[in-house]
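Open the model in your viewer and keep the selection tool at hand. The stops below go in order, each with something to select and a note on what is there.

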Amino acid sequence: MVTDITADVRRLLADLKRMVVSEDGLGLAANQIAVPLQVFAINPAGADAGNRPYCIINPTVVATEGSVEREEGCLSIPDVYDVVSRPELVRIAGIDEEGRSVEMEATGLLARAFMHETDHLNGVLFIDMLGEVRRRLMADRLRKIEARELRLSRERQSQTAESE
Ligand code: ZN
């Protein structure tokens with residue numbers, strides 16, 4: 001958990017926002033860039049939902065509704081796209097860039113991005129939701145990516161445990 005918006009955290013927020021835009025992504029989680037903190041950035045322009053990128057800190061999904069199947073990709077797994085079922089509506093609780101508690105609701109593509117990035121922070125890749133045959137075809141490449149992100153999320157958990 002991020003408990004204070006320190007100078008390091010501010011730098012991370014700026015980096016994530018800059019990168020999600022420059023990579024033309026919809027979202028980017030801190031552990032994708034090797035920072036073991038609970039933060040993701042959203043680039044709403046990718047979902048026609050606004051222009052300014054923003055970050056959500058310590059995100060948790062508090063409610064979901066419905067389900068939509070749609071093709072999805074990931075900046076960590078270039079050139080791989082597949083159909084994933086996601087909620088039509090999601091509500092996320094967390095803190096904003098100033099350290100205030102927020103709840104945000106999203107639908108459609110933005111809801112998909114919220115779920116995808118929250119999954120990243122929990123060490124889950126969209127590919128984990130695909131069928132076995134499809135996953136085997138991509139196994140080697142995915143194993144490396146997954147091992148790296150899982151390691152980063154474990155580091156985060158042990159850091160959290162130590163500070164409690
Ligand atoms: Zn991703």
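## Stop one: a helix

This is a predicted model. Select Asp15 and Arg18: both sit in helix α1 (residues 7–22), and because they are three residues apart there, about one helical turn separates them. Show their side chains, which meet in a salt bridge with an N to O distance of 3.1 Å. The structure holds eight salt bridges.

## Stop two: two rings

Next, select Phe40 and Phe114. How many aromatic pairs does a search of the whole structure find? The search finds one. The ring centres of Phe40 and Phe114 are 6.0 Å apart and the ring planes stand at 45°, so the pair is tilted. Now colour strand β2 (residues 39–42), which contains Phe40, and helix α2 (residues 108–121), which contains Phe114; the pair therefore ties together parts that are 74 residues apart in sequence.

## Stop three: two domains

Colour the chain by domain, with residues 7–130 as domain 1 and residues 131–164 as domain 2. The C-alpha centres of domain 1 and domain 2 are 17 Å apart. Where the domains meet, 22 residues of domain 1 are in contact with 17 residues of domain 2.

About 1,600 Å² is buried between domain 1 and domain 2, and carbon and sulfur atoms give 53% of that area. Select Asn31, Pro36 and Leu130: these residues supply 31% of the area that domain 1 buries against domain 2, more than any other three residues.

Finally, select the side of domain 1 that touches domain 2: its residues divide into 13 nonpolar, six polar and three charged.

Conventions. Residues are numbered from 1 along each chain as its sequence is written. This is a predicted model: local features need pLDDT of at least 70, side-chain atom pairs count only at pLDDT 80 or more; totals for chains, interfaces and linings use all residues. Side-chain values use heavy atoms; hydrogens and water are left out. Domain bounds come from an automatic or database domain assignment. Contact means heavy atoms within 4.5 Å. Buried area is the accessible area (1.4 Å probe) that two parts lose on being put together, summed over both. Ala, Val, Leu, Ile, Met, Phe, Trp, Tyr, Cys and Pro count as nonpolar, Asp, Glu, Lys and Arg as charged, and the others, Gly among them, as polar. Rings of Phe, Tyr and Trp (its six-membered ring) pair if their centres lie within 6.5 Å; planes under 30 degrees apart count as stacked, over 60 as edge-to-face and the rest as tilted. Helices (H or I, at least four residues) and strands (E, at least two) are DSSP runs, numbered from the N terminus. A salt bridge is a side-chain nitrogen of Lys or Arg within 4 Å of a carboxyl oxygen of Asp or Glu.
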